[in-house]
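I opened this notebook to record what I looked up about helices and charged pairs. The entries follow in the order in which I made them.

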Amino acid sequence: MLKTTIKISLVLAVIFLAYKFFKDDSNRPYESSFLYKLSPIEKAKLQTGDIILRRGYGFVSTMISKMMSEDYDVTHLGVVIKQNDNLKIAHALSSSVSNQDGLRLQAIDSFVHNSHDKTILVTRLKNIDTIKQSKIVKQIDYYYKKQLPFDHSFNYKDTTEHYCSELIWRIYEHNLKILQVADSITDQQKYNTLKTFYDPNYFNIIINHQK
């Protein structure tokens, strides 16, 4: 009886660890995992405040790809935070694909590993400077401490939750006012697509794997 109990406990422990492993998108063994990455030269180009876009995996990414008419094959984005020699990506994720709901800071290699091959696109806000970069870091730190949940309803009018692009709009446009787009662009166009973040009127493309 004791041996049976021990065996059952071991099986349950293995199932639990496997669940945690595969739920954490930094560990999930996608088809490109540990193969797709940025080169050292590309990493050296990155600066705090850069926007990194990718095509993600999973049902949600597939639906986003079908719903949005993007010029590039992208469904998700985050902000590059460079501290000393460490590169982190600040981005909002759902608990359905991550072990952390809402804003998380993920190592850049892990972020790229979790992307479809040849979909990384990095852009830089025009006229950005060190003062603006410092303010972006403070904003990311502020929202990270607030631990707002992921906005599964994708309601950009609700400030108690946020999804990936909503968070960036809130920081860059509403809070810091460093991204000011034309009045002709509606909120629907801004929040329901990623186009602005690679629009040459506002951003320069630094790295493009989708050529």
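Which side chain meets that of Asp187 in a salt bridge? I found that the partner of Asp187 is Lys190, at 3.4 Å from N to O. I took a salt bridge to be a side-chain nitrogen of Lys or Arg within 4 Å of a carboxyl oxygen of Asp or Glu.

Entry on the source. I noted that this is a predicted model, in which local features need pLDDT of at least 70 and side-chain atom pairs count only at pLDDT 80 or more, while totals for chains, interfaces and linings use all residues. Residues are numbered from 1 along each chain as its sequence is written, and side-chain values use heavy atoms, with hydrogens and water left out.

Entry on helix α7. I located both Asp187 and Lys190 in helix α7, three residues apart, about one turn of the helix. Helices here are DSSP runs (H or I, at least four residues), numbered from the N terminus. An α-helix has 3.6 residues a turn, so residues three or four places apart point the same way.

Lys190 is buried at 6%, and Glu173 is buried at 10%. Asp187 is partly exposed, at 37%.

Entry on helix α6. I read α6 as residues 164–175, 12 residues in length. The helix reaches 16 Å from its first C-alpha to its last, close to the 16 Å expected; the expected span is 1.5 Å times one less than the number of residues. Of its 12 residues, 10 are buried, among them Trp169, Arg170 and Glu173. After α6 comes Lys177, whose phi is positive, near 55 degrees.

Entry on helix α5. I counted eight salt bridges in the structure, and one further pair that I checked is Lys145 with Asp141, whose closest N and O atoms are 3.2 Å apart. Both residues lie in α5 (residues 130–146), four residues apart. Lys145 is exposed at 63%, whereas Asp141 is partly exposed at 37%.

Methods
Helices (H or I, at least four residues) and strands (E, at least two) are DSSP runs, numbered from the N terminus. Buried means under 20% relative accessible area, exposed over 50%, partly exposed in between (1.4 Å probe, protein chains only).
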